[in-house]
Amino acid sequence: MSDLATAKMQEWTAKQDAAEQLLPIVGRLHRNNEVLLTVYGRSLLNKSVTGIIKAHRYARHFDTTDLDLGETLAIAEVLETLDLGAARIDLGRLAAGFRTTGGELADYLRSELAPVVGAHTAAGAPRDVVLYGFGRIGRLLARILIDRAGNSGMRLRAVVVRRNSDDDIIKRASLLRRDSIHGKFDGNIVVDEEAETILANGVLIQVIYSNDPSTVDYTAYGIEDALVIDNTGKWRDEAGLSKHLQCPGAAKVLLTAPGKGALKNIVFGVNNDSITDTDTILSAASCTTNAITPVLKVVNDEFGVVNGHMETVHSYTNDQNLVDNFHKKERRGRAAGLNMVLTETGAATAVAKALPELAGKLTGNSIRVPTPDVSMAVLNLNLAKETTADDLNDFLRQVSLNSRLRNQVDYIASPEVVSTDFVGSRRAGVVDGLATIVEGNRAVLYVWYDNEFGYSCQVVRIAAQMTGAAAPAFPALG
């Protein structure tokens with residue numbers, strides 16, 4: 001083996017060794033202190049050794065080089081000594097800050113994390129969460145909540161479904177265990193048919209059978225003051241969703257669809273500051289609204305949006321037919337796997353509920369296409385200011401890296417990416433920089449989004465705020 005090859009293998013082995021030392025610290029801080037460690041927004045929780053190394057390589061987008069695992073390991077070792085309170089802590093940004101500041105690492109970390117240093121208290125009881133419905137979004141929400149379990153401030157206690165067969169719970173558990181798009185469940189699932197429970201990675205989930213949201217007594221299962229996440233989409237107005245609040249043990253409701261009437265439609269990162277303690281029913285809007293609103297907000301803030309049109313090229317959903325058959329909506333009765341189906345979308349007008357300054361400025365349509373997940377929104381905008389493709393892309397890239405919307409807006413500039421590359425994206429939308437078109441004050445932006453998982457991540461962020469489980473992030477960005 002050449003000297004270079006030997007050196008590269010030794011370098012890789014050293015990274016593995018550091019990652020192996022970092023992994024248990026990540027787990028202990030999460031379990032014992034409710035601290036989530038990230039690297040430039042990429043969570044390290046439940047990652048493999050290779051996943052840890054990959055997250056450190058992502059830092060080259062910020063610092064032009066891979067993040068040194070030795071640096072982050074040293075920081076993590078000090079963090080364990082600081083008796084921290086609940087927080088989301090970015091090791092990459094702390095490492096970059098310390099390289100600039102210098103001095104004693106412990107002193108630097110105490111200063112940067114002052115609000116949570118020494119703030120650890122015995123973990124209180126997490127807020128109960130109930131999933132009303134267990135379809136595509138419901139099962140992904142379950143996976144995310146299970147992954148976050150262990151002093152995360154939220155605890156998945158139950159799912160409510162209609163009984164469809166004698167072995168209903170077995171089939172429900174199987175669908176949680178295996179997913180054709182998002183892969184196998186990472187962990188163990190045990191079903192107790194008699195007790196009607198699913199035990200997933202230590203999280204005991206009661207399966208409750210009901211046909212009516214107003215008939216469940218959650219307190220009979222020890223569930224109190226719960227947030228009910230309605231992911232059925234059957235009830236979308238205040239009157240229908242209020243049925244959940246008639247149930248003993250239910251305190252608040254979050255709808256995973258656009259809300260009708262006066263319901264607040266929340267796009268996390270854009271208007272979640274409008275959530276108050278007195279809000280008992282909220283909507284998480286739609287996947288498309290979540291994908292485009294953060295991008296539209298920052299573009300409007302920086303360049304001004306005069307007007308525009310949004311076209312979403314959207315994966316088919318289980319609302320459509322596999323073969324031609326009756327459907328109450330136009331065109332959706334035609335075979336989803338064989339056709340592009342032109343249909344309406346309310347996302348363009350729904351943007352105004354989260355971003356009132358764009359009211360009346362956007363139109364929109366949707367084309368359902370024969371792919372099972374990941375969609376793309378095409379934003380054709382007339383701007384108040386002239387710009388260039390390079391300047392617009394540079395701006396959006398910085399938003400994705402260094403703004404308070406960095407968990408909503410991502411940016412990529414690769415000539416080879418296709419839709420499946422975005423399966424599992426935790427961002428609300430990903431701007432495809434190489435597709436950006438700008439001529440004077442006219443701009444066309446292409447935004448990829450995982451309309452299932454990325455949207456589910458946005459829903460969980462809202463749920464965390466509604467339940468008081470959202471932890472402060474350090475170091476803070478604007």
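# Rings, strands and buried residues

F98 is partly exposed, with a relative accessible area of 22%. In this report, a residue is buried when its relative accessible area is under 20%, exposed when it is over 50%, and partly exposed in between, as found with a 1.4 Å probe on protein chains only. The model is predicted, and therefore local features need pLDDT of at least 70 and side-chain atom pairs count only at pLDDT 80 or more, while totals for chains, interfaces and linings use all residues. Residues are numbered from 1 along each chain as its sequence is written, and side-chain values use heavy atoms, with hydrogens and water left out.

## Aromatic rings

Rings of Phe, Tyr and Trp (for Trp, the six-membered ring) form a pair if their centres lie within 6.5 Å; planes under 30 degrees apart are called stacked, those over 60 degrees edge-to-face, and the rest tilted. The count under this rule is 4 aromatic pairs. One of them is formed by F98 and Y108, whose ring centres are 5.5 Å apart and whose planes meet at 50°, so this pair is tilted. Because F98 belongs to helix 5 and Y108 to helix 6 (residues 105–112), the pair ties together parts that are 10 residues apart in sequence. Helices (H or I, at least four residues) and strands (E, at least two residues) are DSSP runs, numbered from the N terminus.

Another aromatic pair, that of F422 and W448, is stacked, with 5.0 Å from centre to centre and 15° between the planes. This pair links distant parts of the chain, 26 residues apart: F422 is in the loop between strand 16 (409–412) and strand 17 (429–432), and W448 is in strand 19 (residues 442–449).

Charges may also sit over rings; the rule asks that NZ of Lys or CZ of Arg be within 6 Å of the ring centre and within 35 degrees of the ring normal. R42 lies over the face of Y58, at 3.9 Å from the ring centre. The charged end of R163 is placed over the ring of Y209, at 3.8 Å from its centre.

## Accessibility of selected residues

| Residue | Relative accessible area | State |
|---|---|---|
| Y108 | 9% | buried |
| F422 | 6% | buried |
| W448 | 12% | buried |
| C247 | 3% | buried |
| C457 | 5% | buried |
| K297 | 19% | buried |

A disulfide is a pair of cysteine sulfur atoms within 2.5 Å. By this rule the count is 0 disulfides. For C457, the nearest cysteine sulfur is that of C287, 13 Å away, and C457 is in no disulfide.

K297 is part of helix 10 (residues 287–303). Contact means heavy atoms within 4.5 Å. Apart from neighbours within four places in sequence, K297 is in contact with V270, L355 and L405.

Helix 2 (residues 49–57) also has buried residues, among them V49, I52 and A55. Their cover includes helix 1 (3–33), strand 1, strand 2 and helix 4 (69–79).

## Strands and sheets

Strands of a sheet pair through backbone hydrogen bonds, in either a parallel or an antiparallel sense. Here, two strands pair if DSSP finds at least two bridges between them. An open sheet of 4 strands has the order 2-1-3-20, and its pairing is mixed. Strand 2 (42–43) and strand 20 (473–474) each have a single partner strand and stand at the edges, so one side of each has no neighbour in the sheet. Strand 1 (residues 35–39) and strand 2 run antiparallel and are joined by 2 bridges. The bridge partner of V39 in strand 2 is R42. Helix 5 (residues 91–101) packs on this sheet, where it touches strand 1 and strand 3 (87–90), and its direction makes about 55° with that of strand 3. For such angles, axes are lines fitted to C-alpha atoms (for helices over the stretch in contact), and values run from 0 to 180 degrees between N-to-C directions.

Strand 6 (residues 189–192) pairs with strand 7 (residues 197–200) in the antiparallel sense over 4 bridges, and D192 stands opposite T197 in strand 7. The hairpin of these strands has 4 residues between them, and E196 takes a positive phi near 55° there.

Which strands pair with strand 14 (residues 362–369) in the parallel sense, and which in the antiparallel sense? Strand 12 (residues 305–315) pairs with strand 14 in the parallel sense over 8 bridges, with S366 as the bridge partner of T312. Strand 13 (residues 341–343) runs antiparallel to strand 14 and is joined to it by 3 bridges; V341 stands opposite R368.
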